[in-house]
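Follow the paragraphs below with the model in view.

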Amino acid sequence: MSSTASGTRMALIAMTAIFFMWGFITELNGVLIPHLQSVFELTHARSMLLDSAFFGAYFVMALPAGRVVARVGYKLGIVIGLLIAGAGALLVLPAAQMASFNLFLPALFILATGVVVLQVAANPYVSLLGAPQRAASRLNFAQAVNSLGHTIGPYVAGLLIFSATLLSAEQLAALPAAERVQTVQPLYIGVAVALLVLAAAVYFFRLPALFEATEQADSRPHGFAEVLRLPHVRWGVLAIFFYVGVEVTVAHFMVKYVSQPTIGGMSERDASLYLSYYHAAAMVGRFVGAALLMRANPRRMLPLYAALNILLLLVTMTTLGGVAMWSVVAVGLFNSIMFPTIFTLAIERLGPMTEKASSLLVMAIVGGAVIPPLQGLFVDLFNARLGDETRALQYAFFVSILCYAYILWYGWRGSRLSGAGLPGAGPSGAGVVVAKD
């Protein structure tokens, strides 16, 4: 095997591990949030500030991350992203040691900043490794492995973070908050070590740098305002905002919702397993959806999947027990194709404007910082009025339904090409494809 082929193979192995890790990291919040909410006795809205800190990094740091990668190249950009994420994971340790909820917020922001840099660098790096005609295959495989990280993350986090729930309710209540919050430390130590090992591997192994491919040549500069004047881009940015927001919202209320006495009637530790089921359903749906999209029209599949999720949420809002539990878990199955489909439709026929649109779409991931606290606010309002947390959680899902309703509209009408202002680059715009999860 030639040294070039060996380097490419090693790079693909390293990238696979990185995609897994950032999927794993992203889903830790789904278990961390209900744990800290219980420990610090937080309202639902305040506990969702953890999501705001994490996903807010996408809005604040997406453009700076792009400039860093353009300056240092993909390989060093990936190393920098891993180091930043590792530093964020380590900062969780003093936050837990001091039992300070406020210190968790900057720690998660820094951790997410590292993930943002990885988003910007690792996706195009994978697409450029090897034969161009197989780029889509490589990215699809990497995204599937990323979904595996999403699936395993809640299960591992549940085992470690909720280890204290093996105690009786009386024993658990007797523990001081400082001891209960410190159960997160082993998990984040492991995450930090894994990230630092990956950073060392990428830096010291002979991986292709691909520095020369950091930016696409353009005949003239295009501003963000020019890109946003295109309706399918403008509405697509909003569709990504609402999709990421609702995906994160359903995931991060899953443990609290499933553990309710009239829904699943189980401990939060056991309920975290259903968050894994939610992401496993998305992983299965991604493989099935990829096969279906080889023949089906994405402008028909996207609204169909959104409509099915609206139906599932209506079911969970109006039932109890196993039906309510499994209907909300099944939402993950139809989430599967939404992000890549919206992304693809939003960059269609953009040619040299593709990268500007891609940056805006990555920034729109900030929806994960906005929608969960909004739904949490309604949970608190309904709970104060009804005095029934289960019903409050159910009624607040109307926020998620509105998000899916917008996605339905985007697939049906908002994603249509207007023709005006398009550079006429053919059936799809060239440029870097970025996977959110």
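R413 lies over the face of W412, 5.9 Å from the ring centre; a charge counts as over a ring if NZ of Lys or CZ of Arg is within 6 Å of the ring centre and within 35 degrees of the ring normal. The charged end of R234 likewise sits over the ring of W235, at 4.7 Å from its centre. This is a predicted model, in which local features need pLDDT of at least 70 and side-chain atom pairs count only at pLDDT 80 or more, while totals for chains, interfaces and linings use all residues. Residues are numbered from 1 along each chain as its sequence is written, and side-chain values use heavy atoms, leaving out hydrogens and water.

W235 also belongs to an aromatic cluster with F241, F242, Y406 and W409. Rings of Phe, Tyr and Trp (its six-membered ring) pair if their centres lie within 6.5 Å; planes under 30 degrees apart are stacked, over 60 edge-to-face, and the rest tilted. The count by this rule is 20 aromatic pairs. One of them, Y274 with Y277, is edge-to-face, with 5.1 Å between centres and 80° between planes. The two are about one helical turn apart, because Y274 and Y277 are 3 residues apart in helix 12 (helices are DSSP runs of H or I, at least four residues, numbered from the N terminus).

Y274 is buried, at 15% relative accessible area, and Y277 is partly exposed, at 33%. Buried means under 20%, exposed over 50%, and partly exposed in between (1.4 Å probe, protein chains only).

I18 touches I78, L82, L118, L198 and V202, not counting residues up to four places away in sequence; contact means heavy atoms within 4.5 Å.
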